[in-house]
Amino acid sequence: MQTYSALSLLRRAFGGHSSWQPHWRTPEPKPEYDAVIVGAGGHGLGTAYYLAKEHGMRNIAVIERGWLGGGNTGRNTTIIRSNYLFDESAGLYEHSVKLWESLSRELNYNVMYSPRGVMMLAHTIHDIQVFKRHVHANRANGVDNEWLTAEQAKEFCPPLNISPTLRYPVLGAALQRRGGTARHDAVAWGFARGADAMGVDIIQNCEVTGIRRAPNGAVTGVDTSRGFIGAKKVGVVAAGHTSVVMAMAGLRLPLESFPLQALVSEPVKPAFPCVVMSNTVHAYISQSDKGELVIGAGTDAYVSYSQRGGLHIPAHTLDAICELFPMFRRMRMLRNWGGIVDTTPDRSPIIAKTPVPGLYVNCGWGTGGFKATPGSAHVFAHTIARDEPHPINAPFTIERFRDGVMIDEAAAAAVAH
Amino acid sequence: MLLIDCPYCGKRPEIEFSYGGEAHIARPADPSALSDEEWATFLYVRTNPKGIHAERWRHSNGCGRFFNAVRDTVSDFFVTTYKSGEPRPDAKVGA
């Protein structure tokens with residue numbers, strides 16, 4: 001693998017940048033692997049990376065129906081934060097933020113992690129109470145989060161309108177300074193490059209069409225559009241399509257897939273210093289390094305795999321953006337798209353073994369999986385390699401719905417679902 | 001925006017409706033006889049198909065009544081709508 005450094009950039013600049021090699025190979029699938037990961041998004045590629053790096057499993061493949069990073073990894077709004085209420089969630093997301101902090105160095109690939117601060121606006125007395133509870137719970141869990149008055153919020157984010165005459169005036173905000181954004185494509189590419197360098201086969205344009213099982217029920221491999229691929233272990237990281245893939249093994253999960261929309265504006269000079277989210281009026285916004293405002297809208301109400309949704313959903317979000325940030329009222333939106341997110345009843349993910357021996361699943365990230373990419377991949381790799389969960393993902397089982405030990409971020413999450 | 005054919009009122013825009021989840025999931029007649037596994041399945045497990053889906057809708061900003069619909073989740077095309085209590089019609093993708 002060619003490594004990146006100032007020196008290597010300089011040296012290759014003198015060669016006209018003609019000696020750079022592809023980031024990853026395009027291998028033919030082998031007949032059998034020790035483990036196969038289904039889904040080459042950030043979580044899946046990261047899983048392969050950590051399986052190879054930390055668990056010494058090199059004979060593994062990542063199988064992808066489309067192209068790597070082409071699903072929700074490339075469709076999200078790139079927000080990173082860990083200010084979740086419950087201990088289990090705080091543990092998982094904080095694990096991830098800690099990995100984000102050193103990920104560019106770890107991968108020798110600039111994922112452009114930018115801890116510019118994630119600020120969540122409170123518009124009602126109830127918001128204030130909930131966010132203050134979050135602040136205290138987070139600090140007890142070692143997660144940074146602080147309470148700001150409306151004036152302090154305005155100081156941190158000058159475009160913010162804190163006029164008391166707003167329909168939903170800003171009464172204060174919770175700020176996680178270590179939260180921020182990263183370059184989503186770079187995360188997929190960095191993990192893919194790192195995994196490939198350790199011998200992981202990344203097989204794109206290869207759709208899984210079946211999961212084969214031995215008479216004793218254990219997984220023996222997957223049928224794909226490029227033939228059968230044997231595997232002792234199969235990890236499914238298929239996001240919105242998890243229900244479809246798991247049905248191939250006869251499993252039904254507590255999941256529903258919904259379209260989640262986002263949009264970007266025309267690019268402008270740096271104007272917006274942080275990430276702002278508002279649960280109550282349902283808007284979140286940041287500015288990319290290219291200068292586009294990146295705006296997250298909500299989910300459509302109905303189950304769908306269409307990767308698009310109703311225009312009234314982003315329009316509703318833009319109403320809120322224009323009220324909170326009047327200077328954006330004449331901005332033009334350039335692109336609007338949807339991704340299909342798999343949501344669980346408690347809005348927490350499932351990272352677990354399944355009732356089928358050798359079959360593992362990492363799903364249910366709903367509207368907020370990007371932030372967890374390295375942490376999720378790290379603990380899922382542990383789960384696959386050791387056939388038992390890492391302590392961090394041990395609570396995120398399928399059985400929690402049967403046993404009533406849900407991690408109910410549905411009501412506690414800082415963003416509306 | 002989707003146009004949804006309310007069996008009582010006719011075609012109306014999606015924003016007049018609320019989504020009610022997968023249809024034809026009957027509440028068990030004797031819940032206490034169920035195992036935890038069966039109860040969790042009733043409460044939480046959903047088919048979530050890529051293709052034909054029978055689902056409930058409520059015309060909440062119209063007649064206020066629940067009804068069922070069959071929709072293709074790949075294209076969001078509504079194959080048909082029908083009143084609650086009626087059996088699920090046979091439907092295929094592209095029908």
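**Interface**

I began with the contact between the two chains. It takes 24 residues from chain B and 24 residues from chain A. The model is predicted, and I read every value below with that in mind. The area buried between chain B and chain A comes to about 2,100 Å². Carbon and sulfur atoms give 54% of that area. Which residues of chain B lose the most area to chain A? I noted Tyr44(B), Asn48(B) and Lys50(B), which together make up 33% of what the chain B side buries.

**Chain B**

Next I looked up the makeup of chain B. I found one helix and six strands. Along the sequence the pattern reads β-β-β-α-β-β-β. The C-alpha trace of chain B spans about 40 × 30 × 20 Å along its principal axes.

I then turned to a sheet in chain B. Four strands form an open sheet, ordered S3-S4-S5-S6, and the pairing is antiparallel. Strand S3 (18-22) and strand S6 (78-83) of chain B are at the edges. Each has a single partner strand, so one side of each is left without a neighbour in the sheet. From one strand to the next, the twist averages 30°.

Strand S4 (residues 52-58) and strand S5 (residues 66-72) of chain B pair in the antiparallel sense, with seven bridges. What is the bridge partner of Arg56(B) in S5(B)? I found Asn68(B) there.

**Chain A sheet**

I moved to chain A and an open sheet of eight strands. The order is S5-S6-S4-S13-S14-S15-S12-S16, with mixed pairing. Which strands stand at the edges? They are strand S5 (146-149) and S16 of chain A. Each of them has a single partner strand, so one side of each lacks a neighbour in the sheet. On average, neighbouring strands are turned by 25° against each other, direction ignored.

I looked at the S4–S6 pair in chain A. Strand S4 (residues 118-122) and strand S6 (residues 172-176) run antiparallel and are joined by five bridges. Ala122(A) stands opposite Gly172(A) in S6(A). Helix H5 (residues 125-140) of chain A packs on the sheet and touches S4, S5 and S6 of chain A. The direction of helix H5 makes about 145° with that of S4(A).

I also followed helix H9 (residues 312-324) of chain A. Helix H9 lies across S4, strand S12 (256-267), strand S13 (275-278), S14, S15 and S16 of chain A. To S15(A), helix H9 runs at about 130°.

I looked up the second largest pocket. I noted a volume of about 420 Å³. Which of its 20 lining residues are the closest to its centre? They are Thr78(A), Arg183(A), His184(A), Ser288(A) and Lys290(A). The elements that give two or more residues to the lining are helix H7 (184-197), strand S14 (283-287), strand S15 (292-299) and strand S16 (333-343) of chain A.

**Thr209(A)**

Last, I picked out Thr209(A). It is found in strand S9 (residues 208-213) of chain A. Which residues does Thr209(A) touch, not counting those up to four places away in sequence? I listed Asp223(A), Thr224(A), Ser225(A) and Met248(A). I also looked up Ala35(A), 174 residues apart from Thr209(A) along the chain. The C-alpha atoms of the two are separated by 17 Å.

Definitions and conventions: Residues numbered from 1 in each chain as written. Chains lettered and ligands numbered in written order. Predicted model: local features only at pLDDT ≥ 70, side-chain atom pairs only at ≥ 80, totals over all residues. Heavy atoms only, no water. 1 Å grid on protein atoms, 1.4 Å probe; cavity = no way out; pocket = protein on both sides within 12 Å on 5 of 7 lines; lining within 4 Å. Points joined across faces, edges and corners; volume = space filled by probe spheres on them. Pairing = 2+ DSSP bridges. Axes fitted to C-alpha atoms, helices over the stretch in contact; angles between N-to-C directions. Contact = heavy atoms within 4.5 Å. Buried area = accessible area lost by both parts, 1.4 Å probe.
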